[in-house]
Amino acid sequence: MIISMTLELKDIPGQLVLALAPISELHGNIMSVVHQHYEKTPRGTIPVQVTFEIEHRVLNKLIQRLEKSGVRVARVGEERLRSTVSVILIGHIVHSDMGDTIDRIDSTGFAEVVDMSLSMPAIEKTSSAYLVINAVGEKELGMALDILRDVADKKDLLMIEPIRLNSVEA
Amino acid sequence: MKTIKISIIGFGAVGQGVASSLISKQEYLKKEGFDIRVVGISDSKGSEINTKGIDLEDALNRKKQKGTVATGESNALDLIQDVEHDIVVEVTPTNIENGEPGLGNIRAALMSGKHVVTSNKGPLALRFTELKETAEDNGLYLRYEATVGGAVPIFNLVHEALAGNSIIGIEGILNGTCNYILTRMAEESMPYELVLKEAQELGIAETDPTYDVEGIDSAIKLVIIANSIFGQNATYGDVDITGITKITPEALELANKNNYVVKLVCEAREGRLTVAPRLVPKRHPLAVGGTLNVASILTDLAGRITISGKGAGSIETASSILSDILYIARNS
């Protein structure tokens with residue numbers, strides 16, 4: 001999961017390292033650090049915004065370690081739905097209970113169907129749907145797509161996914 | 001002047017295109033220092049053999065009038081094995097069941113000391129490693145630029161111009177028929193069946209379109225790419241294939257509204273081979289229309305390189321064949 005934290009550091013040398021070290025120690029991947037040395041809080045501490053990817057199960061351990069070393073954890077928030085993908089489904093979508101499929105994705109907690117348009121030319125003809133799925137990260141997006149692939153496979157829907165080689169590019 | 005003796009095995013659209021190109025390029029080839037002499041041409045009914053060089057105009061006229069180029073009963077294998085020459089141009093039709101007659105022709109050529117230039121996908125999709133090793137063991141060239149992408153020089157680009165790069169992945173549209181059908185369906189909001197009929201009337205789709213629209217042709221080409229570029233030992237069965245027959249005009253319209261086009265895309269990446277309809281952003285270099293083919297190659301040093309061009313046609317295919325003949329002429 002991707003976490004965004006606001007930490008408060010004492011205004012003495014070496015505090016930033018103190019704040020970041022536990023994240024790396026717990027195998028977190030730091031994505032951004034915003035450190036404004038001259039914007040002090042009313043408490044005289046210096047706020048730092050850190051965004052990083054980390055396993056959910058070590059989050060509490062991380063907060064404990066930070067607090068123990070004198071770094072105040074002022075805010076913890078999950079950065080949600082940073083990744084997005086569009087897909088098209090073709091087949092007897094209405095009969096296949098699309099609501100159930102969307103529920104399955106939404107109930108994962110890490111992905112949501114945020115947009116859907118349906119085009120039905122006539123009853124008994126195949127219909128087509130365009131879906132946009134957002135997820136907290138690329139890995140989760142892949143898992144959401146797996147759910148959709150599974151449904152498409154079982155309900156005999158053709159699923160058209162975007163080209164992929166782009167995502168490899170830096 | 002270096003004399004290169006060649007045979008043309010198979011005298012359909014591609015074989016005739018090669019003959020026409022050799023006629024129209026005679027002066028050019030002389031300037032390059034080559035006298036390319038066709039000593040034998042075979043079709044399904046027999047062969048014409050002339051060790052001094054066949055009159056290609058005559059051969060083309062005879063084919064047009066009599067339906068065959070044959071002036072004698074020697075078959076392709078006789079010509080390949082018994083007539084002394086340098087390069088066998090194997091352009092018989094693709095057969096994906098067992099690769100014949102192309103496979104036997106190419107084996108015979110390599111076993112009797114002739115280089116091979118081919119547009120025939122069957123033998124390469126079925127027996128790539130075997131044929132490549134036979135060629136190498138005998139110190140011969142096996143060139144097959146025309147098998148994938150028609151006039152588009154994918155293999156030359158990767159093996160020569162991009163030498164030194166590691167190829168991360170390749171995506172491409174390698175079947176002009178499917179590209180034409182999807183392009184027309186999107187432009188005219190016409191259903192698949194109607195556009196297919198139109199394509200058949202225009203000669204863009206075959207009477208039995210299965211081979212194209214079910215993604216089989218694309219898959220065969222992808223196998224050749226996987227083997228040639230990624231050194232895989234893949235065959236047709238290794239490709240995950242989805243065709244275009246289920247695609248609706250409504251789906252294309254939904255894609256269009258969201259700035260996508262739908263294309264039948266071949267993908268080779270991380271050892272996995274897939275042919276499937278894909279959403280391609282409209283402004284992406286892969287989003288080419290009509291019957292065009294395109295290949296986008298992601299490399300470590302050069303980044304992304306994309307080339308597109310005509311994927312079929314007798315003269316266009318002959319362009320790739322001529323380029324392979326000249327490669328051998330220059331390097332042998």
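1. Separation of the domains of chain A. In this predicted model, the C-alpha centres of domain 1 and domain 2 of chain A lie 38 Å apart. The domain assignment places residues 2-78 of chain A in domain 1 and residues 83-163 in domain 2.

2. Four strands of chain A form an open sheet in the order 2-3-1-4, with antiparallel pairing. Strand 2 (29-35) and strand 4 (72-78) of chain A are the edge strands, each of them pairing on one side only. On average, and with direction ignored, neighbouring strands of this sheet are turned by 20 degrees against each other.

3. One pair of strands in detail. Strand 1 (residues 2-9) of chain A runs antiparallel to strand 4 of chain A, and six bridges join the two. A student who wishes to locate this pairing may look for A:Thr6, whose bridge partner in strand 4 of chain A is A:Arg75.

4. Helix 1 (residues 15-25) of chain A lies across strand 1, strand 2 and strand 3 (46-53) of chain A. The angle between helix 1 and strand 1 of chain A is about 150 degrees. Helix 2 (residues 59-68) of chain A also packs on the sheet, where it touches strand 1 and strand 4 of chain A. The direction of helix 2 of chain A makes about 160 degrees with that of strand 4 of chain A.

5. Two backbone details. Most residues other than glycine have a negative phi, and most peptide bonds are trans. A:His27 is not a glycine, yet it has a positive phi of about 65 degrees. This residue, A:His27, is found in the loop between helix 1 and strand 2 of chain A. In chain B, the peptide bond from B:Glu100 to B:Pro101 is cis, with omega near 5 degrees. B:Pro101 belongs to the loop between strand 4 (87-90) and helix 5 (102-111) of chain B.

6. The interface of the two chains. How many residues of each chain are in contact with the other chain? Chain A contributes 18 residues and chain B contributes 25. On the side of chain A that touches chain B, the elements giving two or more residues are strand 5 (83-91), strand 6 (111-119), strand 7 (127-135), strand 8 (158-162) and helix 5 (165-168) of chain A. The largest share, four residues, comes from strand 8 of chain A. By class, this side of chain A has ten nonpolar, five polar and three charged residues.

7. Strand pairing between the chains. Strand 8 of chain A pairs with strand 10 (residues 272-281) of chain B in the parallel sense, over two bridges. Within strand 10 of chain B, B:Leu279 stands opposite A:Pro162.

8. The domains of chain B. Domain 1 of chain B is assigned as 2-151 + 314-331, and domain 2 as 159-310. Their C-alpha centres lie 28 Å apart. The contact takes 14 residues from domain 1 of chain B and 15 residues from domain 2 of chain B. Helix 6 of chain B gives six residues, the largest share of the side of domain 1 that touches domain 2. That side of domain 1 of chain B has eight nonpolar, four polar and two charged residues.

9. Helix 6 and helix 11 of chain B. Two packed helices are described by the angle between their axes and the distance between the axes. The axes of helix 6 (residues 121-137) and helix 11 (residues 216-230) of chain B come within 9 Å and cross at roughly 40 degrees. Helix 6 and helix 11 of chain B are therefore oblique to each other. Their crossing is left-handed. Among the residues that make the contact are B:Leu124 and B:Phe128 of helix 6 of chain B, and B:Ile220 and B:Ile224 of helix 11 of chain B. The contact of helix 6 with helix 11 of chain B has six nonpolar, two polar and two charged residues.

10. Helix 8 and helix 9 of chain B. Are helix 8 (residues 176-188) and helix 9 (residues 192-201) of chain B parallel or oblique to each other? Their axes come within 9 Å and cross at roughly 125 degrees, and so helix 8 of chain B is oblique to helix 9 of chain B. The crossing of helix 8 and helix 9 of chain B is right-handed. Residues that meet here include B:Tyr180 and B:Ile181 in helix 8 of chain B, and B:Val195 and B:Leu196 in helix 9 of chain B. The contact of helix 8 with helix 9 of chain B divides into seven nonpolar, one polar and two charged residues.

Terms used
Residues are numbered from 1 along each chain as its sequence is written. Chains are lettered from A and ligands numbered from 1 in the order in which they are written. This is a predicted model: local features need pLDDT of at least 70, side-chain atom pairs count only at pLDDT 80 or more; totals for chains, interfaces and linings use all residues. Two residues are in contact if their C-beta atoms, placed from the backbone, lie within 7 Å. Ala, Val, Leu, Ile, Met, Phe, Trp, Tyr, Cys and Pro count as nonpolar, Asp, Glu, Lys and Arg as charged, and the others, Gly among them, as polar. Two strands pair if DSSP finds at least two bridges between them. Domain bounds come from an automatic or database domain assignment. Axes are lines fitted to C-alpha atoms, for helices over the stretch in contact, and angles run from 0 to 180 degrees between N-to-C directions. Angles under 35 degrees count as roughly parallel, over 145 as roughly antiparallel, 65 to 115 as roughly perpendicular and the rest as oblique. A crossing is left-handed if the near helix is turned anticlockwise from the far one by less than a right angle, and right-handed if clockwise.
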